[in-house]
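Me: I have a structure open and would like to learn how to read it. Could you walk me through some features one at a time?

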Amino acid sequence: MKAFLGRFRQEAVLLVLLAAFVAVAWRLDPTFLTPKVQGTLVKLVLELAVIALPVTLIVITGGIDLSVGASMSLAAVAFGLAAERGTPWPLAAVCALVAGALAGMLNGWIVSRARIHPLIVTLATMSAYFGLAEGISRARPISGFDPAFQSLVAGPLMFFVLALAAAGAALWLSRTVKGQAVFAIGLNEKAARFSAIDVDKIKFWLYTLAGTAAAVAAVSYAARRNTVKADIGHGMELDVVTAIVLGGTSITGGRGTIGGSLLGILIVHEVRQFVSWHWERDEINLIVIGGLLILALVANSAFGKKTDSA
Amino acid sequence: MKALVPALLAAALLVVGCGPTSDGTKTASGTGAPTAGKKFKVYLLPKQKGVPYFTSCAEGAEDAAKELGDIELTYDGPTDGKPEAAAEMIEKWVLKGADVIAVSCNDPQVLGPVLKKARDQGVKVITWDADASQDSRELFVNQATPQQIGYGLVDAMAKDLGGAEPTGQVAIVTARLTAANQNEWMVHMKERLKKYPKMQLVDVKPSNEDQKLAFEVSRDLMKAYPDLKGIFGISSVAFPGAAEAVKQAGKSGKVLVTGLATPNDMRSYVKDGTVKSVLLWNTKDLGFLTIEVAEAVAKGALKPNAPYFMSHRGEKKMQGDNVLLGDPIVFTKDNIDQFNF
Amino acid sequence: MKKLPARELGVGLVLFVLVLAVQLANPAFLRPENVRDLLIQCAPFAIMACGMTFVIILGEIDISVGSMAGLLAAALGTWASPSHGGRPLLDCVFGVLFLGLALGLVNGLLVVFARVPSIVATLGMLTVLRGVTELVLHGEWVTDLPPFIRQLGIGVSGGVPNPVLVALLVVAVSITLASLTPWGRRVYAIGSNPEAAKVRGLPVKQVKLAAFALMGLLTGVAVLVSAPQLSVVESGYGTGWELFVVTCVVVGGVSITGGRGSLWGVLLGVALLSIIRTALIFLRLGDQASYWERAIQGVLILTAVLGDRVSARRRAEVGA
Amino acid sequence: MAALTPGSTGLRRALVPLGYPCPVPSDLLLEVQGLSKAYDGVHALEGVGLQIRPGEVHGLVGENGAGKSTLIKILAGNVVPDSGSVGMAGAGLNLGSVQASLDAGISVIYQELVAFLDLDAVENVFVGREIRRFGIILDRARMRERTSQVFQRLGVGVPLNVPLCDLSVAQRQLVAIARALETECRLLVMDEPTASLSNREVEVLLATVERLKTEGVSVLYVSHRLDEIVRICDSVTVLRDGRVVETMPASSVTRERLIVSMVGRQIAAQSQSAANAPGTVVLEVRGLGRDGAFEDVSFSVRAGEIVGLGGLVGAGRTEVARAIFGLDRIDSGQVLVGGRDVTNRGVLAAVASGVALVPEDRQHEGLVLPLSVKDNLLMAARERLARRGWIQRRAERTKGDELSTRLMVKAASLDVPVRSLSGGNQQKVVIGKWLAMAPRALIMDEPTRGVDVGAKEEVHSLVTRLAAEGAAVLLVSSDLPELLELSDRILVMCEGRVSGELARGEASEEALMALAVHREERAVS
């Protein structure tokens, strides 16, 4: 039991936080919690969640990917341009995935080959990918996709993909050799290298995966909004990092869970939507979300001292 | 598990702590009004919250809500101006049981489908300030179409350049390259520029909604193109930024600046002659009219193709499904002090 | 004194080639008035980059500076504007500096005493401060900055534009601080080996706190010389500056993991990144090129970063 | 002082004022009384007392985990004891403050080099207590002058303006000593100062200690190298399990007696006689070169053979080991394992072909400290135990148990973090990591560095056993007795080249050193 609690401590804290939130929301505005409202709102967060999965893994390795928003834009534009030229949507989606994967691969390649700090690499590629998306699309919106595509992808398919990806990522992380290696890399990359763990390969594929996930998010967005533009991923990177860190993943690597990240995303999402639902002042949201992040980490470091510094 | 306690406290404090500040806005609109009968829930969405142009529109809207008395007005919008965030808000308002949603549409492509969905669920949708596609709203409170704006800007520049054949290089400083409205205006501007073959558009530069950037870009443009005669600053930060650049370069009157902005933002440039004329409508009136139209639509009292709409501020012309605000005001040195918004 | 490391040379080279190419294409580029404008353009970023350099050499990061600049500009505007505060010059100047210092201290306290990783703490502050700015301005911008405030940004003292003068001063003080004072060397020591610093009894917490406070203070200085360059203080002021400043510092060769880097390199980084945009305009490529501007910027940054990978790698292995 | 009960430390701290003045007899420089410290209820120190006279070199020995480093940290002010007092030159020492310890004249040179690699020697010596002009500006000239004076006093030359990362390990060690001497130091605590030094440098260091002694500086000399203890110390204190076993004058001390005292039992002296009959060539290196590190290195190791690789620190031994293991790029030459070319194929190819490396830096390169013993033991072998990449928990558990039993790892359980283990046991885990793979060629880089005597013997017997089982072992070591004892033959490197080879019969410390030092130096001496 103790071990169990130790293992899922962060998730437990987040669940309680979520419960506290639900209680507050219930008192202030019960309509917010109705299935209809929640059902509509939850669609808004699927893309963020899909991207957060691989980025969580990257952060556990001690890395970071600030270019996911830009990769999403790039993939979305690739999808749009392909669809515009009459490509059937599944093929256009493949184009998007390829674009996203390539963007991720470049990150992975530079990070693992040139061994430059991922913060720097992805800061630079963020600029480059956004620029590329703007350039090839001339910054114009592209809309009007296949209605069949919209109803299929924007509806159940995305839920299914997310559920599958989350379960897969969680299992992979906890039950496979490579998944466990992710933690070793985050805790002591040098020792991992000395232990014949293929650090470079794992990193390469994680960044590639992040690019691909950004592309999945891009396709989902295209289906949901029926339009794409070079700026749709703007700011996504910081939202993702906020949620992941709130979800208990250590920004310095070595610690984190998929479940925690999903809970983190859910909490940020619910709080944001509720503040906007109940008080209808967007500027308050900035303060609430930023404050939540800071408070959660202050609480974590103040009360989790022993486990963290041991 | 000790972390639970502070976490809980933090959450509770955060949510509860925001309480008092919020109630002000929510009730401000309806206070003091006779509470006869049902109140209509009207949501007013700007392109971006926290921008003076929209803030003054909102003031007009609140005046209207007070005067009409049966309106529960909520003014909210994304502070970062992202269409995606606007779409989320609209979706939420539908769920909250809005009667009327009035939208200044930042991106018809993104918001169009959302608005259609809202209408499917029985919410009345009107647009104001910037229109969405025709089938996604009932009426458009029209202060100017993109075409009018685009043509107007180019014509104003042509007039200021003077002569039968206005001559010279001009450049545009826009918001972001991806900004839908500005891009639409630019399409019409380029179209109109064909009328003036000797006016040559040399560059379009983004200012990323950053006044400093708009300032620097304008300054660089003047130096890179020494013969530059005019700059269009087509966002609320690009205009003052460009004007400031011209002023500091000592080229007031030699390089002309035109754009859309509230008189308050441009007052000093108009007074010192850097900017000859600022084109804008009365924003408070726009907000006021929007709420009036919203009430009429909610009551079912106004349908497209009516001959006119009777506003508290006089009769407004209608053109199909557009309610026309009336002619834009040209702010000049002589009249700008009469306006404060 | 010490030879310039490869990164500084690389960035300097890219800068030189860029300037040369643009100058050949458009001789107006290096005219005195443009050089002067470029310097004014660089000034606020050079000021903030000095602060950021210390923070990053310590192995920390501050990504709240964009929003901090926004809030400080809003404060300056509301205090100075006759229709709001209408306060005198010194009130405004010291108010902004003090507020900047205080905000920097908050960051520092979060990092040092609450032990929140700096990237996360300042990420939170980035969001919070932007919200506070919106609340402070409540949808209206300050459009009536009084002339004595505007003078800070557009005035000239002794033939040198005020922002440039202030930036030179800040740079000179920073370089002195970095290389000639105990505090500066301790910054390098702590960033180089935090464990050893603790074991040796260096005042790690105080040094870090001071660095964050300095970052806040310098953000205040930057705002004082940059916001008055313009007539309007808007709520979005400073958006994105944090990434720009961090990019300048990193491109200038400061190791993101701390311990290494020089202010000279950082200044080259600031110059390179500030010049790119202007250079593209002077190349007169027309409006279609605008769409590729960001991509070109990204590729140039990437080139500068990748440029010294060989030397960085060799060094890393020697240290390993 | 009453025995402490775990968990009552907070209360006790409140009751017993720390560092209250205690009378120190005038002939004593340092007097430690009743020092206790517990971590999570486990006693690291229990009622430890220690006395050092002015100008005395006092040896401190004990197995890893005996409490030496805790004692040192308390003296340095980095750790606050639960109870006890320290008197320094007649005054009570304010415990728990680095500054107070420095002010009292206690300087510590740590085993793990705590150097600032990006700063130069002068800055390293003075950072934290800089000499200033006008209160704020550094007086570099004076600091430089004083640093070079210290180096002169030590009789060594170290570049002053070069960042430490460009200096050799030994030079960094000298900088650390210079730093200690530059303070008004009356008690110099040296924690394993020779662990990473070559013999020649050890001589310099020991001479330095002798000189300090004549200047009236006391030295607390902590080392696993008992020969050094016997040679330079005036008296020796032995710690075991956090308690002082005995303190004795060094004149009456022999190596064997110290061992008995430290370990608490007799250790059979190793008689490494029967050289294994060498089998086929497993590891072969042909003309290996890496720019700036080593060149033209050729040798081969046969199955069942232990080949020593000797030389000074910085001679390129570690670099050769790393290159064979695929960590660093090889610029010329070939590495063959079992006849297969694995040159520049990376770590994975090297491991797949049967090469294993026990790295010199256990804590940073060998182990992931926060992870469990089991995770560390299986870190390299996991892939083999897994089914299509999926972890098989039962198989892992079995394998982990088997390995830890075989290696006699002392740990509360396989699930505790490896960080909590003693140095010797940590080292066993590093070796165990590779045993799980049944390596054909085992490269060991300083396998017993910082390992206590008992564990050292265990590691030695493990190495010989592995060789007997048919592994080819390449042993890199600066510990000459160890090298001589274990190796079937010894290759000596000097400045990146193999300068000679010694067969078991002809190998001696003198012969080895003759090959290890620079040619010109050899010619002079």
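Reply: Gladly! Let's begin with angles: they run from 0 to 180 degrees between N-to-C directions, along lines fitted to C-alpha atoms. Keep in mind that this is a predicted model.

Me: Thanks. At about what angle does helix 19 of chain D run to strand 21 of chain D?

Reply: Helix 19 (residues 509-516) of chain D runs at about 30 degrees to strand 21 of chain D. This helix lies across strand 15, strand 21 and strand 22 of chain D.

Me: What is the order of the strands in the open sheet of chain D?

Reply: First, the general idea: strands of a sheet pair through backbone hydrogen bonds, either parallel or antiparallel. In chain D, the open sheet has 6 strands in the order 18-19-20-15-21-22, and the pairing is mixed. Strand 18 (355-358) and strand 22 (497-503) of chain D are the edge strands, each pairing on one side only. On average, neighbouring strands of this sheet are turned by 20 degrees against each other, direction ignored.

Me: Which strands of chain D does helix 10 touch?

Reply: Helix 10 (residues 317-324) of chain D packs on the sheet and touches strand 15 (306-311), strand 18, strand 19, strand 20 and strand 21 (489-494) of chain D. Its direction makes about 145 degrees with that of strand 19 of chain D.

Me: How many bridges join strand 19 to strand 20 of chain D, and do they run parallel or antiparallel?

Reply: Strand 19 (residues 441-445) and strand 20 (residues 472-476) of chain D run parallel, joined by 5 bridges. To find your place on screen, look for D:Ala441, which stands opposite D:Ala472 in strand 20 of chain D.

Me: Now chain A. What is its radius of gyration, and how does that fit a compact globule?

Reply: For 310 residues, a compact globule would have a radius of gyration near 19 Å, and chain A agrees because its own value is 19 Å. The C-alpha trace of chain A spans about 60 × 55 × 30 Å along its principal axes. Its secondary structure comes to 15 helices and 2 strands, and buried residues make up 65% of the chain.

Me: How many residues of chain A are in contact with chain C?

Reply: 37 residues of chain A are in contact with 41 residues of chain C. Helix 14 of chain A gives the most to this side of chain A, with 13 residues. By type, the residues on this side of chain A divide into 23 nonpolar, 10 polar and 4 charged.

Definitions and conventions: Residues numbered from 1 in each chain as written. Chains lettered and ligands numbered in written order. Predicted model: local features only at pLDDT ≥ 70, side-chain atom pairs only at ≥ 80, totals over all residues. Contact = placed C-beta atoms within 7 Å. Helix = DSSP H or I, 4+ residues; strand = E, 2+ residues; numbered from the N terminus. Nonpolar A, V, L, I, M, F, W, Y, C, P; charged D, E, K, R; others polar. Rg over C-alpha atoms; globule rule 2.2 N^0.38 Å. Buried ≥ 20, exposed ≤ 12 C-beta atoms within 10 Å, placed from the backbone. Pairing = 2+ DSSP bridges.
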